[in-house]
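Look at the structure below, and keep the sequence at hand while reading.

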Amino acid sequence: MAHLLLVEDDSTFSKLLTNFLGKHGHQVKVCSNIKEAREALGKNNSDGPFEVLMLDYRLPDGNSVDFLKTLRSEGNRTPAFIMTSFHDVRTAVTAMQIGAFDYITKPVNPEELLMVLREALNKGEVTSVKTAPKAKNNSKAEKQSLDYIEGKSKIAKQLFEYVRLVAPTDMSVIIQGESGTGKEHVAKSIHRLSKRADGPFVAIDCGSLSKDLAASELFGHKKGAFTGALQDKIGQFEAADGGTLFLDEIGNLSYDVQIKLLRALQERIIVPIGSTQQVKVDVRLIAATNEDLISSAAAGDFREDLYHRLNEFKIEVPALRKRGEDLPIFVQHFVDKANEELDRNVRELSKEVMDVFQKYDWPGNLRELNNVIKRLVLLSKEEIATLSALPPEMITAMEDQQKPAPGSDLKALQETHEKEMIEKVLQEVRYNKSKAAKLLNIDRKTLYYKIEKYHIE
């Protein structure tokens with residue numbers, strides 16, 4: 001059983017969701033706005049802290065993206081996912097960039113909700129990953145991991161030519177690219193091909209670190225160094241000794257922490273907070289960012305001397321929309337991965353689905369592709385995934401692009417499928433709209449809108 005916080009202003013949807021999750025053993029606290037959610041998070045709940053936050057995007061007193069951004073800046077790392085209409089999917093992708101674990105679209109699919117919730121619970125409060133040393137081998141899993149990242153396009157080959165070039169050195173590296181492009185996978189590849197491959201690889205998401213705790217997370221602290229420091233803590237620099245430290249979204253570090261980081265890189269020593277004892281560390285640093293650090297330095301938000309110390313070698317990771325030739329490779333990898341995780345047997349995607357994938361611009365890059373394919377596999381009952389299992393937001397995204405040829409109007413196909421489903425359910429419940437809304441997992445207001453939109457008698 002998990003203790004969940006649901007922030008949703010639609011009371012009917014809240015009740016349906018609470019009952020559904022309750023039947024699966026979860027306990028749900030419902031808040032209808034951000035103010036109530038803040039109060040709930042600030043209380044000492046008898047059932048313990050909330051394990052997952054489920055946030056509707058549009059709320060009476062704000063939106064959950066801004067709310068989540070504030071929570072992350074305050075040090076709250078509770079896994080959270082956004083619930084949104086498919087028209088707001090690009091906002092949901094942005095939410096993932098600032099700390100949301102995932103997003104799901106309304107009307108909510110029960111299987112999809114349980115899948116996302118299960119993964120959020122498994123994620124827990126882990127914000128850094130330390131990988132154990134790996135023996136050098138040519139296992140299928142290792143080869144598959146490298147293949148799916150590498151790709152076959154010209155731009156992909158150039159990317160990994162740089163990776164192989166810099167990996168054997170001890171140079172600091174900046175990996176720059178949009179969110180979701182696989183910067184951490186590139187960093188892991190550098191580590192795996194380096195002389196430090198038998199040492200630890202430690203990854204830290206600097207975007208999820210609060211300003212007050214970032215120095216402690218990186219450099220450690222002594223018991224009593226500050227309020228809440230109840231015991232000694234080893235920082236991630238020490239944890240990565242002899243290996244590689246990966247700092248994702250390094251531009252989020254405060255100016256004070258940047259000064260300490262520069263000293264650690266130059267002198268190869270750290271001083272835990274509250275201590276006077278210097279600790280020697282042997283760490284290779286790889287930093288990642290989705291912003292232009294040169295511009296940040298010019299604006300005074302990032303130390304220029306730290307930038308030049310980090311920028312011994314820079315690697316640009318291309319966006320997925322620039323890697324069309326590699327798309328089928330990524331798709332097959334994620335399909336295989338989803339089949340294994342969800343116990344499904346989807347062999348391939350239909351030509352119509354692949355056409356949509358090729359035309360879509362993937363603002364969330366590889367991360368978004370992974371999530372879309374996981375949902376596609378989950379909802380597919382046959383070995384070939386078709387348009388009917390494609391998330392509605394993928395169809396909607398095509399509206400801003402050139403209309404397809406006659407006879408292949410994707411939006412019309414999606415709406416026809418939706419209309420047929422609503423008519424079928426209405427017939428089964430003898431046009432009892434309350435029962436139909438429950439079976440369709442939407443609220444009555446949405447059902448009335450759909451009935452009017454599709455002119456259902």
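In this predicted model, helix α14 passes helix α16 in a right-handed crossing. Helix α14 covers residues 327-342, and helix α16 covers residues 365-379. Their axes lie 9 Å apart and form an angle of about 50°. Angles under 35 degrees count as roughly parallel and 65 to 115 as roughly perpendicular, so α14 and α16 are oblique to each other.

Which residues of α14 and α16 make the contact? On the α14 side they are Leu327, Phe330, Val331, Phe334, Val335, Lys337, Ala338, Asn339, Glu341 and Leu342. On the α16 side they are Leu366, Leu369, Asn370, Ile373, Lys374, Val377 and Leu378. Sorted by class, this contact has twelve nonpolar, two polar and three charged residues.

Helix α14 also packs with helix α15, which runs over residues 351-359. The axes of α14 and α15 come within 11 Å and cross at roughly 120°. An angle over 145 degrees would count as roughly antiparallel, and 65 to 115 as roughly perpendicular; α14 is therefore oblique to α15. This crossing, of α14 and α15, is right-handed. Leu327, Pro328 and Val331 of α14 meet Met354, Phe357 and Gln358 of α15. By class, the contact of α14 with α15 consists of five nonpolar residues, one polar residue and no charged residues.

| Helix pair | Axis distance | Angle |
|---|---|---|
| α14 and α16 | 9 Å | about 50° |
| α14 and α15 | within 11 Å | roughly 120° |

Serine 380 is found in the loop between α16 and β17, the latter at 384-385. Is serine 380 buried or exposed? Its relative accessible area is 7%, and buried means under 20%, so serine 380 is buried. Leaving out residues up to four places away in sequence, serine 380 touches Arg344, Val346, Ala385 and Ala389. From serine 380 to leucine 349 the C-alpha to C-alpha distance is 10.0 Å, and the two are 31 residues apart in sequence.

Another residue to look at is leucine 262, which is found in helix α11, residues 255-267. Leucine 262 has a relative accessibility of 8% and therefore counts as buried. Apart from its neighbours within four places in sequence, leucine 262 is in contact with Arg303, Asp305, Leu306 and Arg309. One of these contacts, leucine 306, is 44 residues from leucine 262 in sequence. In space, the C-alpha atoms of leucine 262 and leucine 306 are 5.6 Å apart.

Next come two cysteines. Cysteine 31 counts as buried because its relative accessibility is 2%. Cysteine 206 is buried as well, with a relative accessible area of 2%. How many disulfides are there? A disulfide is a covalent bond between the sulfur atoms of two cysteines. Here a pair of cysteine sulfur atoms has to lie within 2.5 Å to be a disulfide, and by this rule the count is zero.

Last, the whole chain. The protein chain has 457 residues, and 50% of them count as buried. Its secondary structure comes to 20 helices and 17 strands. Taking contacts between residues at least 6 apart in sequence, 72% join residues at least 24 apart.

Terms used
Residues numbered from 1 in each chain as written. Predicted model: local features only at pLDDT ≥ 70, side-chain atom pairs only at ≥ 80, totals over all residues. Heavy atoms only, no water. Buried < 20%, exposed > 50% of the residue type's maximum accessible area, 1.4 Å probe, protein only. Axes fitted to C-alpha atoms, helices over the stretch in contact; angles between N-to-C directions. Helix = DSSP H or I, 4+ residues; strand = E, 2+ residues; numbered from the N terminus. Left-handed = near helix turned anticlockwise from the far one by under 90°. Contact = heavy atoms within 4.5 Å. Nonpolar A, V, L, I, M, F, W, Y, C, P; charged D, E, K, R; others polar.
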